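Okay, thanks for coming, everyone.

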Amino acid sequence: MVLMQFKEGTFMPKSNYFVRGMEREDIGQVMNIEKSSFQFPWRKYNFLRSLDMPHAGLVCESIKGGGIVGYSVFEHENNKLFLLNIAVRGDDRRLGAGRAMIDKLKAKRWTREIPAIETMVRETNISAQSFFAEQGFKANQVLHDNYDFLTEDAYVMRYSPGKLAPENRLSGFFKGVYMR
Ligand SMILES: CC(C)(COP(=O)(O)OP(=O)(O)OC[C@H]1O[C@@H](n2cnc3c(N)ncnc32)[C@H](O)[C@@H]1OP(=O)(O)O)[C@@H](O)C(=O)NCCC(=O)NCCS
């Protein structure tokens, strides 16, 4: 049996994943995933700058080994955790790594009594919208023509248990998308 050595972090219950804080030496692996996941990837300095803010980056490793399978970057705004970036290595998707990182953020939200987690998703990124919807996020705002290099809207998706999302045209649209 191979015993994996992990740095300080959390084994996420009911998953095969271990989630810990991102460190500078992780950035090479993180950049490889970033470049293969996004049309307009973050640069190395974006990640380095994030690491200067405490608790701003998480990486996810499988208990079976094989390096970093995913990462997320978030910041603590006044009354919410704002998720700036999340990605999982292509071959490791749909195996629960993304959920493990969101569960870790939910735990942080709980212990710090922060009411919500929020993120922004491109209008065309249906798989990410489905992922966040499955984690209990609800779309509650449209930011029109939100991106510098794209002509595309963004949806603000918010996790805020106990608070009902407004019933409006956007919530109606999302019910249609996810209940098909
Ligand atoms: C979005 C992302 C981080 C999800 O990570 P993941 O590890 O694949 O997600 P999980 O395996 O934890 O998925 C949990 C659930 O979310 C939903 N989900 C995840 N990906 C989905 C997809 N492509 N289509 C539909 N539902 C999806 C499913 O309900 C899934 O559970 P299931 O596999 O048992 O059906 C990953 O797809 C990714 O890296 N995408 C590219 C980068 C990106 O778009 N990031 C988001 C920017 S806003």
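Let's start at the ligand: H4 gives the largest share of the shell around it, five residues. Before I go on, this is a predicted model, where local features need pLDDT of at least 70, side-chain atom pairs count only at pLDDT 80 or more, and totals for chains, interfaces and linings use all residues. Residues are numbered from 1 along each chain as its sequence is written. When I say helix or strand, I mean DSSP runs numbered from the N terminus, with helices being H or I of at least four residues and strands E of at least two.

So, who else is around the ligand? There are 18 residues in total, and the closest are Arg-93, Gly-98, Arg-99, Ser-127 and Ser-130. A residue makes that list if its C-beta atom, placed from the backbone, lies within 6 Å of the molecule. Strand S5 (80-88), helix H3 (97-111) and helix H4 (126-134) each put in at least two shell residues. By type, we have eight nonpolar, six polar and four charged. Nonpolar here covers Ala, Val, Leu, Ile, Met, Phe, Trp, Tyr, Cys and Pro, charged is Asp, Glu, Lys and Arg, and the others, Gly among them, go down as polar. Domain 1 (7-114) and domain 2 (124-180) each contribute at least three residues to that shell; those bounds come from an automatic or database domain assignment.

Next, the inside. Which residues touch the most other members of the largest nonpolar core? They are Val-30, Cys-60, Tyr-71 and Met-101, out of 34 residues. This core, too, takes at least three residues from each of domain 1 and domain 2. By core I mean buried Ala, Val, Leu, Ile, Met, Phe, Trp, Tyr and Cys residues joined through C-beta atoms within 7 Å. Buried means 20 or more other C-beta atoms within 10 Å of a residue's own, exposed means 12 or fewer, and partly exposed is in between, with C-beta atoms placed from the backbone. In soluble globular proteins, nonpolar side chains tend to be buried together.

Take Cys-60: skipping neighbours within four places in sequence, its contacts include Tyr-17, Ile-68, Tyr-71 and Met-101. A contact is two C-beta atoms, placed from the backbone, within 7 Å.

Over in helix H3 we find Ile-102, which counts as buried because it has 25 C-beta neighbours inside 10 Å. Its C-alpha is 9.5 Å from that of Leu-83, 19 residues away along the chain.

Now the strands. Seven of the 10 residues of S4 (residues 68-77) are buried, so the rest of the structure largely encloses that strand. On one side, S3 (residues 57-62) pairs with S4 antiparallel over five bridges; pairing needs at least two DSSP bridges. Gly-57 sits opposite Val-73 there. The two strands make a hairpin with five residues between them, and Gly-65 in that turn has a positive phi of about 90°. S4 and S5 also run antiparallel, with eight bridges, and Gly-70 is partnered with Val-88. That hairpin has two residues between its strands.

Most residues other than glycine have a negative phi. Arg-94, though not a glycine, has a positive phi of about 65°.
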